[in-house]
Amino acid sequence: MKRALLTILTVLAGVVVVAGSVFALGKQQSEPATIAAVVSGTAPTPLGDLPHATLELSIYPQEGPGNPAPDPGLVPQSASSTWPFYSPSTSIQLPANSVVTITVHQYDSASTVYNPYLAQVHGTLDGTATFAGEAKTGIDPKAVAHTFTIHQYSESSQPTLYVSVPMLAVANNAPNEANGYPKPIDVTFTFVTGAPGEYVWNCEDPCGSGYVAFGGPMSQRGFFGWFNRSFDR
């Protein structure tokens, strides 16, 4: 009887430890502060004129002076300081049933995507994105630095929203400017949102560490990780 009771108490203690660890990890990896797209005027679409919102993001190869990396949670700051990341946040709020134009100032170099499909533009209003002022339907897979990808599979209560745009890489030998980064390549794309919902988005280009480079920033909330969320309200 005592042995059985000891076993039960040991199991319960293990459950408490695991639950505490999960809670602590969740606290350490809290969602970054939300940034909202700015609505101004309307834009024409096949559905008629819709409200038009704009949002600007940046992708940095690592933190720099006056430009700290996101909170790394349980990861040592010394390790995460060399990780690439989206800025100023990966939690974005977009208006529902609207045209949204996102401009990404991309400062990082290339890391070839495994699937050339992700080097193509998908889900934008006209099927293109603008790379340094030139409209294209895709880029060379070897020239992809990262991607902006809203997942294809949404919750059962949400309409499907799939948008994926590759981020054109800065040349490896590009000189740094006064801010410590090379001149960025601006990537601009426009898509139409639907009904309100919560959508997961992330980078699909393997730019991290560990197994097939999907560790490190690829699995970390606030950098490029799987837990980033796009709100469409």
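## Surface patch

At 56% relative accessibility, Tyr114 counts as exposed, the cut-off for that class being over 50%. In this predicted model, Tyr114 sits in the loop between β6 and β7. Together with Tyr211 and Val212, Tyr114 makes a nonpolar surface patch of about 400 Å².

## Overall composition

The protein has 233 residues, and 45% of them are buried. Its secondary structure consists of two helices and 13 strands.

In soluble globular proteins, nonpolar side chains tend to be buried together. Here the largest nonpolar core contains 36 residues, and those with the most contacts inside it are Tyr86, Ile102, Phe148, Val165, Met167 and Phe189. At least two residues of this core come from each of β3 (50-60), β5 (91-94), β6 (99-106), β7 (129-131), β9 (144-150), β10 (163-168), β11 (185-192) and β12 (197-202). Another core, of seven residues, lies apart from it and includes Ala69, Trp83, Tyr107 and Phe223.

Ile102 illustrates the packing in the 36-residue core. Setting aside residues up to four places away in sequence, Ile102 touches Leu55, Leu57, Phe148, Val187, Thr188, Phe189 and Phe191.

Eight of the 11 residues of β3 are buried, so the strand is mostly covered.

Strand β2 (residues 38-43) pairs with β3 in the antiparallel sense over four bridges, with Val39 standing opposite Ala53 of β3. The two strands form a hairpin with six residues between them, and Gly48 in the turn has a positive phi of about 100°. Strand β4 (residues 85-87) is also antiparallel to β3, over three bridges; in this pair, Phe85 of β4 is the bridge partner of Tyr60. With β6, by contrast, β3 pairs in the parallel sense over eight bridges. Thr54 stands opposite Thr101 in β6, and Glu56 stands opposite Thr103 in β6.

## His52

His52 lies in strand β3. Leaving aside neighbours within four places in sequence, His52 is in contact with Val38, Val39, Ser40, Gly41, Thr42, Ala43, Val99 and Thr101. Gly41 is 11 residues from His52 in sequence, and the C-alpha to C-alpha separation of the two is 5.7 Å.

## Strand β6

Strand β6 is mostly covered, with eight of its eight residues buried. In a regular strand the side chains alternate between the two faces of the sheet. In β6, Val99, Thr101, Thr103 and His105 point one way, while Val100, Ile102, Val104 and Gln106 point the other way, and all are buried.

Besides its parallel pairing with β3, β6 is joined to β11 by eight bridges, and β6 and β11 run antiparallel. Within this second pairing, the bridge partner of Val104 is Val187 in β11.

## Backbone exceptions

Most residues other than glycine have a negative phi, and most peptide bonds are trans. A cis peptide bond joins Ser87 and Pro88, with omega at about 5°; Pro88 is in the loop between β4 and β5.

Asn97, although not a glycine, has a positive phi of about 50°. Asn97 is placed in the loop between β5 and β6 and counts as partly exposed because its relative accessibility is 44%. Ala132 also has a positive phi of about 50° without being a glycine. Ala132 belongs to the loop between β7 and β8 (134-136), and its relative accessible area of 58% makes Ala132 exposed.

Methods: Residues numbered from 1 in each chain as written. Predicted model: local features only at pLDDT ≥ 70, side-chain atom pairs only at ≥ 80, totals over all residues. Heavy atoms only, no water. Core = buried A, V, L, I, M, F, W, Y, C linked by side-chain atoms within 4.5 Å. Buried < 20%, exposed > 50% of the residue type's maximum accessible area, 1.4 Å probe, protein only. Contact = heavy atoms within 4.5 Å. Patch = residues over 30% accessible without salt bridge, like charges linked within 9 Å, V, L, I, M, F, W, Y side chains within 5 Å. Areas by Shrake-Rupley, 256 points an atom, 1.4 Å probe, with all protein chains shown as cover. Salt bridge = Lys/Arg side-chain N within 4 Å of Asp/Glu carboxyl O. Pairing = 2+ DSSP bridges.
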